[in-house]
Amino acid sequence: MQLRVRALETILTEKGYVEQAALDAIVEAYETRIGPRNGARVVAKAWTDPAFRQALLDDASAAINTLGHVSPVGAHLVAVENTPGRHNMVVCTLCSCYPWEMLGLPPVWYKSAPYRSRAVKDPRGVLADFGVTLANDTDIRVWDSTAETRFLVIPMRPEGTEGFTEDQLAELVTRDSMIGTGLALAPGEAKA
Amino acid sequence: MSGVHDMGGHEGFGKVEPEPDEPVFHHSWEGRVMAMSRAMGANGGINIDMQRYARESLPADVYLASSYYRIWQLALENLLLARGLIGADELGSGHALRPGQQLARGPFTRKDVGRVMTRGRFDRPAPSPATFTIGDRVRARTIAPATHTRLPRYVRGHVGVIERVHGCHVFPDSASVGQGENPQWLYTVAFDSRELWGPDADPTVTVSIDAFEPYLEAA
């Protein structure tokens, strides 16, 4: 594949469609800057600031663009909140739609046939694959991203985090918790 | 089209297997494919709906057996060939043999990178009022277009409830085949799992899709 991809890149640059340095910059951005830290900052802010939480639920794109410490996001982002009675999970059964600006590029499992086929029919089974068990009476809401809307799950704030700063809380917010295949970490579970 | 990409509800694909500490890319060429796809979308050569259509148009066995970025590479080649942006002789030789076409937004250069890092808007002024409103019961139409659609098979013929109205958006079914944006109202429609999968389905599960108005009829 390496040779085949290089050939196409050579053709596109020689034809004047793309500049190699521009491709380098896109790759570098996803390798270094654009990842789940962005989403984690947004979730931590929502956990500590009720007005921001409400603004986020009303219009996530607009709310996030008021924050100085998170890169701007495009339109059509929808934030959905987990509660004790309701768990949200996001999938794209048709391809791989995912909130790149918040979470970076999707992991392989998100784009894989097992996840795309089962998330809409057996979400509890999928959660079990991730080692997550919910109460039997918790409602599960699966969001199939079939258009240009993108979904970000706001996981529940873990117990025992009273008095935590936003930075400390952000450490507990995993990528999977913002897709809905995981929960936020408990204090002490976070990586050092 | 009702291809193998339309995976919702299929059985037999096995368990989900998360990879611990997964790298952003598993091979350096994957990043190049991703970047080329973004760049050729941003310079006006091809739109995102054409790209999705090209990926799902790969032969079923190729689609199922290929890694994600291999699918992107094969589809990008096919699409650029089909749009006349590159030639088969050029792919064969690995070099440009003719000058490129004039693109709608010109060559993709470093100064354009910031623009693709923030997603564009897909909403458009509404040509007519929305037919449905929040709380309406709607049935996903039984349709099976031979070309690109974003109505998954597992909801076709089933009744759900309008939960959100997102405004008028570019209609992928038109944009994917070069027939313009043809904006349509877009709704979140929620379906009870028993409506989709029968009486034995988990009653705590609700599944929603985002559906364009032409996919729906009053129920």
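Which strand of chain A pairs with strand 1 of chain A, and in what sense? The partner is strand 4 (residues 150–154), and the two run parallel over five bridges; pairing here takes at least two DSSP bridges. Leu77(A) sits opposite Arg150(A) in that strand 4. Strand 1 (residues 77–81) is mostly covered, with four of its five residues buried, that is, under 20% relative accessible area with a 1.4 Å probe and protein chains only.

The model is predicted, so local features need pLDDT of at least 70 and side-chain atom pairs pLDDT 80 or more, while totals for chains, interfaces and linings use all residues. Residues are numbered from 1 along each chain as written, chains are lettered from A in the order written, and side-chain values use heavy atoms, leaving out hydrogens and water.

Turning to the interface, 89 residues of chain B are in contact with 78 of chain A, contact being heavy atoms within 4.5 Å. In chain B, Val16(B), Arg32(B) and Arg119(B) lose the most area to chain A, together 11% of what that side buries; buried area is the accessible area (1.4 Å probe) that two parts lose on being put together, summed over both. The rule finds 10 salt bridges across the interface, each a side-chain nitrogen of Lys or Arg within 4 Å of a carboxyl oxygen of Asp or Glu. Arg124(A) and Asp202(B) meet in a salt bridge at 2.8 Å, N to O.

Methods. Buried < 20%, exposed > 50% of the residue type's maximum accessible area, 1.4 Å probe, protein only.
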